[in-house]
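Please look over the briefing below, which begins with the pocket and then turns to the chain and some of its strands.

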Amino acid sequence: MKNSFFFFLFFALTAQISFANSYNNSSCLKSEKCLNLAAEDSVALENAFMKVLRDGAACTLANTPNFGTRIIVALDKVKFKSNRGTIKIKRGQIAVFLENEYYDLPKGSYFEIALKKDHPPLTKPSEWVEPTKNKVIYEDAEFRVFEERLDPGDTRELHSHAQRVVVRLNQVQLTDPRNSPNGKPGTGIQVANTVKFAEPVVHVTKNLSKIPLFNIVIEYKIEH
């Protein structure tokens with residue numbers, strides 16, 4: 001009877017250790033799979049502030065080391081599951097996931113902007129003049145996201161920007177009419193479905209094209 005008890009105890013401990021090892025291996029595999037989502041050819045932009053991937057992800061799991069909020073910007077119809085349920089967004093729409101949230105790798109065409117936690121101090125423009133004709137679609141203590149729109153031939157008067165990443169959705173030509181009222185051939189072209197990180201600026205913007213400007217801008221918030 002005593003031998004049977006010790007055998008049962010040994011079996012239970014062995015099974016528990018085996019389960020723990022299996023769980024840890026599974027967690028490692030998830031981490032490795034997560035890191036492999038960021039294939040070299042999917043990285044559209046990376047600097048000390050953020051990592052931007054095209055049709056990929058820095059990591060879809062919650063609480064990923066070195067990353068905070070992640071923003072999905074759709075370039076087409078995009079659908080995926082998340083801790084908030086199934087997300088469906090279309091071109092020009094966004095889904096914002098905080099550090100403790102998670103999601104499956106989206107299906108469709110999109111950019112994922114993953115904000116880095118330990119980024120350098122933010123810098124400021126020489127003065128702050130709030131831009132007009134934009135629509136804020138998300139805002140928290142760290143950053144805001146807005147639709148940057150400007151009709152053909154229209155001008156956005158003097159305004160400021162902080163450090164930001166711009167997702168360009170329409171191909172247009174822009175100019176600062178103070179310096180070049182009619183633009184210069186081949187300059188100021190914003191290519192659709194591309195991203196650009198931009199430093200702080202104070203400027204005037206005119207849309208020289210026959211179609212509207214349409215960008216999604218993720219801009220850090222600064223004191224002003």
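With 4 residues, β15 gives the most to the lining of the largest pocket, where strands are DSSP E runs of at least two residues and helices are H or I runs of at least four, numbered from the N terminus. The model is predicted, so that local features need pLDDT of at least 70 and side-chain atom pairs count only at pLDDT 80 or more, while totals for chains, interfaces and linings use all residues. Residues are numbered from 1 along each chain as its sequence is written, and side-chain values use heavy atoms, with hydrogens and water left out.

**Largest pocket**
- The lining comprises 22 residues, and Arg164, Leu174, Gln190, Lys196 and His203 lie nearest the centre of the pocket (on a 1 Å grid over the protein atoms alone, a pocket is an open set of points where a 1.4 Å probe fits, with protein on both sides within 12 Å along at least five of seven lines, and lining residues have an atom within 4 Å of a point).
- Elements that give two or more residues to this lining include β10 (155-161), β14 (194-198) and β16 (213-220).

**Chain**
- The chain has 1 helix and 16 strands.
- Of its 224 residues, 42% are buried, meaning under 20% relative accessible area with a 1.4 Å probe and protein chains only.

**Strands around β2**
- In β2 (residues 50-54), 4 of the 5 residues are buried.
- Strand β1 (residues 43-46) runs antiparallel to β2, joined by 3 bridges (pairing requires at least two DSSP bridges), and glutamate 46 stands opposite lysine 51.
- β2 also pairs antiparallel with β7 (residues 110-116) over 5 bridges, with lysine 51 opposite alanine 114.

Definitions and conventions:
Buried means under 20% relative accessible area, exposed over 50%, partly exposed in between (1.4 Å probe, protein chains only).
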